[in-house]
Every structure is written in C-alpha cells, then in structure tokens.
Amino acid sequence: MVIMQNYVIKKEDLNKLVERALDDYDVYAPVQKKSIHVYDQISDPASMDLNYGQTMTSAKKLFNPPVENMMTFDFDKKEIKDRLEDTIPETPSLIVGLHACDINGLLFLDRVYGGEYDDLYYQKRREKTTIIGLNCLESCESGFCRSVNTHIVLEGYDLFLTPIEDERYYVNVGSPKGDRLITLAPDLFEEATEDDVDAFRKSLQKKHESLPVEFHLDNLTETLDMAWDDPIWEEIGEDCMNCGSCALVCPTCYCFDVVDEVGLDLKESTRKRKWDTCLYYDFALVAGNHNFREEPEARLKYRFYHKMRGAVHDQGIIACTGCGRCIDACPAGISFLDVLAQLQKNWASAPTIEGGN
Amino acid sequence: MQVEVKRENEYIPNLAVLKNRTDMTELETLFEFEFKDKDLQDHFSYKPGQFIQLSMFGIGEAPFSISSTPTRPGTIELGIRRAGDVTEAIHRLEPGDVVGLRGPYGNGFPLEKMKGKDILIVAGGIGLVPLRSVINYIIDERDDFGHMTLFYGACLPEERIFVDELENDWPSAPDVDVLQTVDECHDTWMGNVGVVTTLFDKYEVDSENTVALICGPPVMYRFVVKELLDLDFRRDEIYMSLERRMKCGVGKCAHCQVGHKLVCKDGPVFTYFEVQRLQEAI
Ligand SMILES: Cc1cc2nc3c(=O)[nH]c(=O)nc-3n(C[C@H](O)[C@H](O)[C@H](O)COP(=O)(O)OP(=O)(O)OC[C@H]3O[C@@H](n4cnc5c(N)ncnc54)[C@H](O)[C@@H]3O)c2cc1C
Ligand code: SF4
Ligand code: SF4
Ligand code: FES
C-alpha cells in the first residue's frame with residue numbers, strides 16, 4: 001500500500017526554504033504596505049508577512065496581468081508575431097502564502113481558461129508557477145469563505161501549510177512541483193508523525209469552529225432565477241458608482257477587452273488585452289448604440305448574476321470564493337454578502353441556517 | 001488528407017487575402033477572402049450560421065457571419081456593413097490586401113434537425129448575411145430538405161442585399177418561394193410595402209413540420225416571433241441568431257454573455273424557447 005507522504009516544517013525554516021528558492025524562482029508573497037497587504041515580488045524572506053487577513057488585490061494579476069501583449073503585426077512584412085513567449089517570464093515563479101479561497105479562485109480561472117479552447121497566456125503562467133498555500137485557522141474581516149465552501153481546497157496547490165502547535169506547519173504535498181520544493185531543501189522537512197497528524201486534526205477542528213457560516217448556498221441559483229425583478233437591485237443600484245473596483249480586486253472576475261495599439265513608428269501594431277468589467281457603461285453596447293445594460297443597476301445586477309448564476313451554468317460552480325475583497329473595496333459600502341443574504345431571506349424556498357423561515 | 005487546422009494559440013489569426021469585393025449598397029459590401037496557407041484554404045470548413053473573427057491589424061477585431069456556403073468551396077464570403085472603426089477600415093480594403101481570420105466559431109444553424117422539414121426563413125436587412133449561407137446550402141442539398149420559403153424585408157428597395165440571388169437564383173430553384181417587402185418605396189418598386197410581418201398575410205404558412213429561422217435587427221424578433229406563435233410554431237423550432245459585442249469569440253472574455261449563456265459558444269443561434277428564458281435577450 002502506498003501512503004501519501006506528509007511532512008512538517010518549522011515556521012522559521014519556511015524562511016530558509018524561501019531563501020533557497022530565490023536562486024531558482026521569482027518569489028511572490030504577501031507584504032505589508034501601510035495598512036494593507038498585497039502580493040509582491042520579494043528578494044528577502046524577511047519582507048514577507050504570512051500573518052495577514054486578506055490582500056487587497058488577488059493573485060490573479062500574477063496569472064492574468066492587467067495588461068498583456070498578445071501579438072504584434074508588422075505592417076511592412078505582413079507578419080504576425082505571437083507574443084506569448086515574450087510575456088511569460090523565463091524564471092519560474094513561486095507564490096508563498098496563498099489562502100484556500102485564492103487557490104479556489106485559481107481553480108475557477110483554470111476552468112474558464114481551459115475547456116474547449118485553450119487560453120495559453122494564462123495556462124503557461126500557471127504551469128510555470130509553484131504555489132505554497134496557507135490554511136487560515138481564523139476568519140478574516142470581510143471574508144465568508146465557509147459560506148461558499150471555499151475554506152477547503154483539495155487541489156490547485158503544490159504544497160499546503162497548516163499551522164500546528166510548536167510553531168510548525170503541517171505540509172500537504174499536492175503535486176510533483178511540491179515534491180521538487182521538498183527535494184530542494186530536504187533537511188528542512190520532517191516526515192509527519194502520528195502526533196503531528198493529531199495536531200493537524202486539532203488545527204482543522206479549530207478552523208471549523210472559528211469560521212462562521214453567514215448564509216447558505218443551497219438555493220442560491222433558484223433564488224436568483226426568481227429575484228430578477230427584486231426591488232433590491234434598484235436600491236443598491238442607486239448607491240453603486242459603477243467604478244468597477246469590486247471586479248478589479250476579485251480573484252474570479254475575468255472579463256477582458258482587446259485593443260490594437262499602433263507603434264509610434266507606424267511600422268507595427270500590438271494587440272493587447274486588458275482587464276475589463278461589466279460595470280462599465282460600454283461593456284454591453286452593440287450596433288446602433290443599443291445598450292443591453294443601460295442603467296447602472298442593470299450592470300451591477302449582471303455582476304451578481306454572472307458570478308452566482310451564469311458561472312454555474314457555464315462552469316458548474318459559482319464564481320465567488322467569499323474572499324470579501326469586493327466588500328472592502330467598494331466605496332459605496334455595498335456588501336456582496338449582505339445582498340446575497342438579503343435575497344436568500346426574501347426568496348428562500350429551502351431551509352435556512354436559522355432553521356427555515 | 002487530414003490537416004490539423006487547430007492553431008497552437010487560439011487567438012492568433014491566420015492571414016487571408018482579399019480576392020474580390022462587390023459593393024451591394026451604400027453601406028454594405030460583400031468581401032471574398034482566401035487564406036494564405038493553401039492547406040488551410042483547401043480544408044477550411046464551417047456550418048451555415050457560424051462566424052469568424054476578422055482582424056484589421058492596428059484597428060481591431062470583430063465578428064462576422066460567414067455568408068458563403070460550405071457546399072461551394074472557394075472564397076470565404078463576408079457581407080459587412082459599415083458601422084464603426086473596424087468595419088470602416090474593412091470597407092477601405094482593396095483586392096490583394098491582407099487581414100487576419102480565425103474561426104469558425106459558434107454553433108451554426110441546426111442542419112441535422114432541419115432535415116426532412118419545410119423551412120421558413122425570415123430575414124430583415126443585413127440579417128440575410130448568415131441566412132444566405134443556409135439558403136444556398138439547402139438549395140445545394142435540395143433532397144435533404146422540404147419546401148423553403150424566404151421572407152425578406154428591407155427599409156428601402158436600394159437597401160436590399162444579394163439582389164441578384166433574391167430576384168433570380170433563389171426563386172428559380174426547385175421548391176423555393178421568395179417574398180420581398182420594403183418599408184418605404186420609390187416609384188420603381190412594384191412589390192409589397194410594409195414591414196416583414198405583413199408578408200404573413202400574403203402567404204399561407206403551414207407550421208406543421210416547419211422550422212423557422214430568423215435573423216434581423218433586434219426590434220424585428222418580437223414581431224416575427226408573435227406571428228409564428230400565432231401560427232402554432234413550436235417555441236423550440238423557431239431559431240434566431242443573436243448579436244452581441246465580442247472580444248474573444250471563444251468563451252473567455254464574457255462580453256457576449258446573455259443571461260447565463262454565451263452568444264459566442266452557446267450561440268449565436270438560439271431557439272426562441274431558450275431566448276424567452278434569458279434575461280436581456282431580445
Ligand atoms: C455573431 C455575430 C455575427 C455578425 N455578423 C455580421 C455580419 O455578417 N455583417 C456585419 O456587417 N456585421 C456583423 N456583426 C456585427 C459586427 O460585428 C459589428 O457591426 C462590428 O463589430 C462593429 O465593429 P466596428 O469596429 O466597425 O464598430 P465600433 O466602432 O466598435 O462600433 C460601432 C457600433 O457598433 C457597435 N458594436 C461594436 N461591436 C459590436 C458587435 N460585436 N456586435 C454588435 N455591435 C457592435 C458599437 O456599440 C457601436 O454602436 C456580427 C456580430 C456578431 C456578434
Ligand atoms: S465597487 Fe461598489 S460602487 Fe464600485 S462598481 Fe462595485 S458595487 Fe458599484
Ligand atoms: S465576488 Fe467579492 S467575495 Fe466573491 S470572490 Fe469576488 S471579490 Fe471575493
Ligand atoms: S466573445 Fe468573449 S466570451 Fe463570447
């Protein structure tokens with residue numbers, strides 16, 4: 001019988017591992033900037049801060065950058081040059097400290113950028129990135145991961161660390177890339193003993209006790225099917241400024257725009273893609289200036305429907321990891337969670353957590 | 001010989017050369033393209049109702065329905081209306097100029113389900129572009145399909161496209177009726193005047209064993225669908241092609257999403273049954 005190999009590593013040794021990895025990888029980790037955290041490239045393990053609640057922007061930017069060159073066209077030679085290889089860094093990347101919600105965000109993007117048609121710009125970056133995930137044992141401020149079942153992750157990482165007693169991490173190995181990290185520094189890892197497995201189990205128990213369930217996904221798609229004309233959309237639509245911040249910080253929002261930019265020498269043009277959001281006025285504009293989502297509330301509503309209803313049709317799962325970033329980012333104070341919970345309350349047809357009402 | 005038409009990177013178009021252009025109206029021109037790569041040109045195949053993404057390098061990319069039929073291999077024909085930056089630039093192309101094409105994308109018309117049935121086609125203005133592909137397909141594979149009727153409406157007589165086929169080729173094909181109408185006429189027009197739905201009063205449509213295909217400006221759908229439902233057409237036997245802004249054509253950018261469906265992948269052809277359940281569809 002083959003038994004899955006799990007390890008433990010001392011917290012202080014994780015820095016040593018990162019130190020060694022810096023020779024082979026571009027390393028990204030949460031770092032503190034003023035009062036917030038962001039994923040940033042680091043050159044010194046001391047600058048990473050794994051004791052964080054949520055980063056302001058998601059790690060999506062490392063796989064699908066805000067602007068990216070797709071191809072160049074040479075007007076004289078009439079040739080297209082695929083810029084795929086140029087836009088992907090030569091050095092592989094290592095991201096340290098990704099929470100379960102964000103790994104689930106990547107699993108969602110894997111679906112969008114895979115399937116019938118490949119999106120190689122995303123996929124090549126994903127292949128070249130190694131991920132060390134980090135289990136949260138306590139809830140962050142705005143997150144509601146447990147309500148959408150993304151506090152748990154079964155794949156999509158290479159190593160996954162869970163804090164256990166004695167300032168150590170329990171290490172799940174998720175892929176051959178994870179194995180490679182371990183062979184990079186075998187002296188830092190110890191095979192997990194039965195006591196360690198016990199400690200791991202205790203940590204998970206602590207996590208499950210501390211993470212709240214704010215609402216139930218059960219009947220959400222049904223609810224949304226019924227709630228198209230709910231007055232709530234007009235109410236929150238009045239506050240929404242259509243600034244798009246909620247979509248830009250979201251780990252699963254993936255809409256993009258494509259534009260051609262001609263070089264100053266007029267000899268070539270570059271086709272770029274840029275993050276776009278359905279909150280912007282011209283997103284659904286078509287010929288004859290007909291706009292399928294003319295009013296701000298229509299665009300705000302669409303974001304909810306795309307993520308929580310359309311994605312279920314398209315990819316089989318909702319496009320929300322409960323990370324709470326959109327809640328923190330919204331200048332109008334609109335809470336994605338509160339809106340969902342309110343809809344659930346208005347339309348619930350299945351038992352709710354309070355026991356059915 | 002089987003050639004691999006799948007490209008390494010889906011977004012990179014294939015180069016194609018403009019072979020010929022025929023101005024149809026003040027705004028619309030038929031463009032004929034051939035791929036530079038001979039293998040690809042020889043093996044390029046598609047279904048009526050599918051579209052391609054056309055790149056005008058330096059300006060942008062936009063979706064266009066293929067107007068030729070796979071039953072007549074040769075150039076890839078696109079009927080294009082001047083509407084904005086990309087289409088203006090396309091209209092400035094001269095034979096020999098190079099563009100990018102990728103595709104074909106989308107589901108196309110349900111040819112298999114249409115076999116053995118009568119077909120009613122209702123086209124408005126430039127909506128005839130994708131429908132011309134299916135009309136010529138049916139004429140070329142005549143034995144596979146029942147009777148075909150075409151209702152075509154345009155605003156003015158001189159705004160009609162594919163006039164030669166409308167007046168000569170199609171009416172003379174076996175088992176085909178063609179009825180035309182214009183919203184406003186000039187002295188030269190002897191035919192029907194009125195919106196396309198007025199043709200339903202002029203011609204007896206039997207919905208039994210008939211499939212309806214519609215394409216035209218958004219306002220047309222509601223009125224045509226109402227006529228068809230009054231005639232007892234089944235909601236899942238009314239097919240319509242929807243138009244949305246598209247950036248990727250392959251289900252990645254979400255620009256074309258309607259309700260929970262993507263026009264580029266789930267469509268552009270939908271049944272009325274599907275459309276009536278989609279928010280913001282028509
Ligand atoms: C599946 C499909 C098939 C199509 N087939 C044809 C065809 O056979 N012939 C044809 O002439 N046109 C067709 N169109 C419409 C064509 O794609 C748009 O007219 C074109 O994209 C306009 O581009 P532009 O850069 O010239 O205009 P823009 O400068 O982008 O805009 C001009 C106007 O067109 C609108 N518009 C921009 N992109 C689109 C779009 N993708 N769909 C609708 N409106 C848009 C803008 O909102 C604006 O009102 C099709 C569209 C789809 C989705
Ligand atoms: S961040 Fe808030 S105000 Fe801005 S678009 Fe999103 S919901 Fe509207
Ligand atoms: S919708 Fe909001 S809470 Fe859900 S994943 Fe996106 S940013 Fe996070
Ligand atoms: S055009 Fe991009 S998803 Fe349909």
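**Figure 1. Where chain B meets chain A.** In this predicted model, putting chain B and chain A together buries about 3,700 Å², and carbon and sulfur atoms give 57% of that area. On the chain B side, 35 residues are in contact with 43 residues of chain A. The rule also finds 14 residue pairs in polar contact across this interface, counting pairs with both residues at pLDDT 80 or more. As for chain B's own side, β3, β4, β6 and β14 (261–262) each give two or more residues to it. Sorted by class, that side of chain B has 15 nonpolar, 8 polar and 12 charged residues.

**Figure 2. A salt bridge between the chains.** Zoom in on B:K247 and you'll find its partner, A:D257, with the closest N and O atoms 3.0 Å apart. The count of salt bridges between chain B and chain A is 2.

**Figure 3. The two domains of chain B.** Here we stay within chain B, where the domain assignment gives domain 1 (14–105) and domain 2 (111–275). Taken over C-alpha atoms, the centres of these two domains are 21 Å apart. Their meeting place involves 24 residues of domain 1 in contact with 24 residues of domain 2. About 2,000 Å² is buried between the two domains, with 59% coming from carbon and sulfur atoms.

**Figure 4. Polar links between the domains of chain B.** Look for B:D140 and B:R72: their side chains meet in a salt bridge, 2.8 Å from N to O. Between domain 1 and domain 2 of chain B, the salt bridge count is 2, and 7 residue pairs are in polar contact (both at pLDDT 80 or more). Strands β2 (28–35), β3 (51–56), β4 (60–65), β5 (76–81) and β6 (98–105) each supply at least two residues of the domain 1 side that touches domain 2. That side of domain 1 has 9 nonpolar, 9 polar and 6 charged residues.

**Figure 5. The shell around ligand 3.** Ligand 3 has 13 residues around it, and the closest are A:C250, A:C320, A:C323, A:G324 and A:C326. Helices α10 (296–315) and α11 (325–329) of chain A are the elements that give two or more residues to this shell. Its residues split into 7 nonpolar, 3 polar and 3 charged.

Figure 6. Most residues other than glycine have a negative phi, and most peptide bonds are trans. Another cis bond joins B:G267 and B:P268, where omega is about 10°. You'll spot B:P268 in the loop between β14 and β15 (269–271) of chain B. Over in chain A, A:L266 isn't a glycine, yet its phi is positive, about 60°. That residue, A:L266, is in the loop between β11 (256–262) and β12 (268–275) of chain A.

Technical notes. Residues numbered from 1 in each chain as written. Chains lettered and ligands numbered in written order. Predicted model: local features only at pLDDT ≥ 70, side-chain atom pairs only at ≥ 80, totals over all residues. Heavy atoms only, no water. Domains from an automatic or database assignment. Contact = heavy atoms within 4.5 Å. Buried area = accessible area lost by both parts, 1.4 Å probe. Salt bridge = Lys/Arg side-chain N within 4 Å of Asp/Glu carboxyl O. Polar contact = N/O pair within 3.5 Å; in protein donor to acceptor, adjacent residues only side chain to side chain. Helix = DSSP H or I, 4+ residues; strand = E, 2+ residues; numbered from the N terminus. Nonpolar A, V, L, I, M, F, W, Y, C, P; charged D, E, K, R; others polar. Near = heavy atom within 4 Å.
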